[in-house]
Amino acid sequence: MIKQKKSLGRKLKAYLPLYLMMVPGAVYLIINNYIPMAGISIAFEQFNYSKGMWGSPFIGLKNFEFLFKTKDAWIITRNTILYNVAFIVLGTVFAIAVAVLLNEIHSSRAKKLYQTTILVPFLISIVVVSYLVYAFLSSDSGFINKTLLPALGKEPISWYTSAQYWPFILILVNIWKGLGYNCIIYYATLVGIDRGYYEAAVIDGANRWQQILHITLPALKPTIITLTLMAIGKIFYSDFGLFYQVPMNSGPLLDVTNTIDTYVYRGLMSLNNISMASAAGVYQSLIGFLLVLVANFVVKKLSAENALF
Amino acid sequence: MKRFLAAALATSICVTAFAGCGNNNNGSSAASASKNESSAVSTSSTASAATGETDFSTQDPYTVKLLIPGDAKTEDCKEVSEAASKILQEKYNTTLDITRVGFGSYPDQVNLMLSSGEKLDVLYNNRDIFVSAVNNGQIVPMEEYLSEYGPDLLTEIPEERWACTSLNGKKYAVPANKEIAVSWGFACVKEMADATGVDYSNIKTEDDLLPLLEAAKEKFPDVWPVVASYGGMSIMNTADDLGADIGSLEDCTNPDDTTVVNFFATDTYKDIVERRYAWTQKGLIIPDASSTSEDSSAQIAAGKGFGMFTNTKPGIEGELEKKTTKEMLVFTLTPVYTSTTRLDILWYIAHNSEKPERAVQVLNEIYTNPELENICINGIEGKHFEIKDESKGIVGYPEGVDGTNTGYPSYPWAWPNEMISYTWEGDPEDIWQQTSDWNDSAVISPAMGFSWDNSSVLNQVTACKNVKSKYENALGTGSIDPATALPAFLQELEDAGVNDIIQEKQKQLDAWLASNS
């Protein structure tokens, strides 16, 4: 008994600095993420400001009805998930490709220049991005309609009322914007790979492509899995700016640009109904949580050491 | 990998931990400084005591916090609050704290203040929030305080107007006394209209505009004859939407028709959207009209547009001229009419007010005291405005000050009673008389005074709103073909439960009509 206690005490002592380092983060999580969870109760109430959170009448699942009232629930769920899947898959592929290319550049000046250049879009506000897109697509003065299509001898296209093009436009904009940031994370991992592997491979006669395939990519695997899992955790959230600002809030595009966030914003902005907004939030969190569990389960089956928990 | 995860987590914590601290609202203590300024030497209170009213000057001291939109500077608001407090202090032992928030962030700021429990007593807001704010308890009824603390409000505001701001038999808001009737029309640049040589003296309907627009297109090929405002275009109509949401009396100038219909399913609406689609095909309406993110006046000011659809009222030419910097010509295309919805600026008492009765008292004084109303609207004399003509009561900006650099912009219509304030330079001298005549000339909707309560069909209302946001602007600006889009719109509305809303509205309206006939 005594011996055990002692070892526990020693263990504590050994890890004390680590626990101390954890405290600010844990406190932050509790204050910012756990305490507000009490607010979930609002989703099941007919919230009344005068009566407050604990005094408002309980109405069960009635607040959730509006989400499933029309086929919109299906459309927005589909849009949110499919766009995020596309962002995750294509975003990862492009980020890794660019990171590998960056890694192959030897001139450090050129490397810095490219790195900065591809990071710039990430730093631009989405509102500015929406006007950059507008500068291309506008019927009145857009580059594509005024310069590109006439040069090819094609009719101008009314982009902001033609829904069929927007899945591609949005994915393109998202990748262009997020590429720099994602690629830095992969690049940081690449830099950390032991040069010895490459030297050994060269001695064994491996060419560049074989080096990438058999050393670089396997070394990146843990990072890919972690980042993908984290992205899957957010698969039910959408970048509001991307889906609201970039299509200029154009009505005819809604079938392909409406996501849960924009739907809730449009429906509830003027209604001012905090309970229904919370209900949508709860729905979003719940499905998001389930998806993380499923994704982690799948990873565990495939490669146990890389699973999150 | 775990190390990498820890590093990523630590970074994100550092970034977000500080994000929550930035939001504090200064200015709430602005007026308290003036509390000690004036003592109870009061002549007006003795005067009112003589007429048999209660003397309020010995009440406990209290600060009423008032919220109104406008991009004012905090120091200027403080100064105006102090000037206004002087008057209120003497009479009511009350100080006033005026806080102004820009129009863009106003709705969010109001929500934040109402839900955080921060001090707030009186607030401006438009009609949109009325029913929901009542139902979710953001505002409190003023009924019980009116007879004692707001007697002038009770007598000055006609019963028909009170009816529009009451729900379940209780008065909830003071309607701003301003133009409360509307007619819709088309405004265009006069110089260009004259240059086309088209005789425009006989334009009475939207259809009549066509020759003028075509001539403008031909004469000024670089200018779009019709531009949209923030993706929308006013619909020339005389419908009464009965307070809010879908479901209207199609033509409220007809006193015998009290059937609630879906306005989007009417022939009136169909004609309008078909005409506008045809106009877009002819190049008369700016392309991508439904995704413009600019004000139409700004586009006209920039020389990009010739005309726009607009609401009209006395002094509308002057108002548009200020915004477009061009002399404007306005055609009125519908009769002047009024309905519950047209009382669009309301003054509410916040649920977090500690002493709602004192808030009512201040509203009462602002509504009836020209001196106080003037300070509130126009600010400090010599700094924010200058009297140009004392006898006619005309004011303007002092030297070196204009709309772009004033610390306290003047929006008379936003305050409870602009009609007792000064006239602004450039407006007709008798603008308040004209406004009053305009209100009197309006055809009154048979449902005037009816306020609809949407609480039993909220799910349907939300679903329909989402459908509307998909089609309404695109159809209204002629951006999509109504031949396919209109039936799809109506079908989706039906799926979203529009009929439930209309049925419920009709039921409430019939009950109201029965009790009011």
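## Strand E2 of chain B

Strand E2 (residues 94-101) of chain B is mostly covered, with eight of its eight residues buried; a residue is buried if 20 or more other C-beta atoms, placed from the backbone, lie within 10 Å of its own. From E2(B), B:Thr94, B:Leu96, B:Ile98 and B:Arg100 point one way, while B:Thr95, B:Asp97, B:Thr99 and B:Val101 point the other way, and all are buried.

E2(B) pairs with strand E1 (residues 62-69) of chain B in the parallel sense over eight bridges. Pairing requires at least two DSSP bridges between two strands. B:Tyr62 has B:Thr94 in E2(B) as its bridge partner. Strands (E, at least two residues) and helices (H or I, at least four) are DSSP runs numbered from the N terminus.

## Basis of the model

This is a predicted model, in which local features need pLDDT of at least 70 and side-chain atom pairs count only at pLDDT 80 or more, whereas totals for chains, interfaces and linings use all residues. Residues are numbered from 1 along each chain as its sequence is written, and chains are lettered from A and ligands numbered from 1 in the order in which they are written.

## Contact between chains A and B

The contact takes 37 residues from chain A and 44 residues from chain B, two residues being in contact if their C-beta atoms, placed from the backbone, lie within 7 Å. On the side of chain B that touches chain A, helix H1 (2-17), helix H4 (106-116), helix H5 (130-135) and helix H17 (458-476) of chain B each supply at least two residues. H17(B) gives the largest share of that side, 14 residues.

How values were computed. A residue is buried if 20 or more other C-beta atoms lie within 10 Å of its own, exposed if 12 or fewer, and partly exposed in between; C-beta atoms are placed from the backbone.
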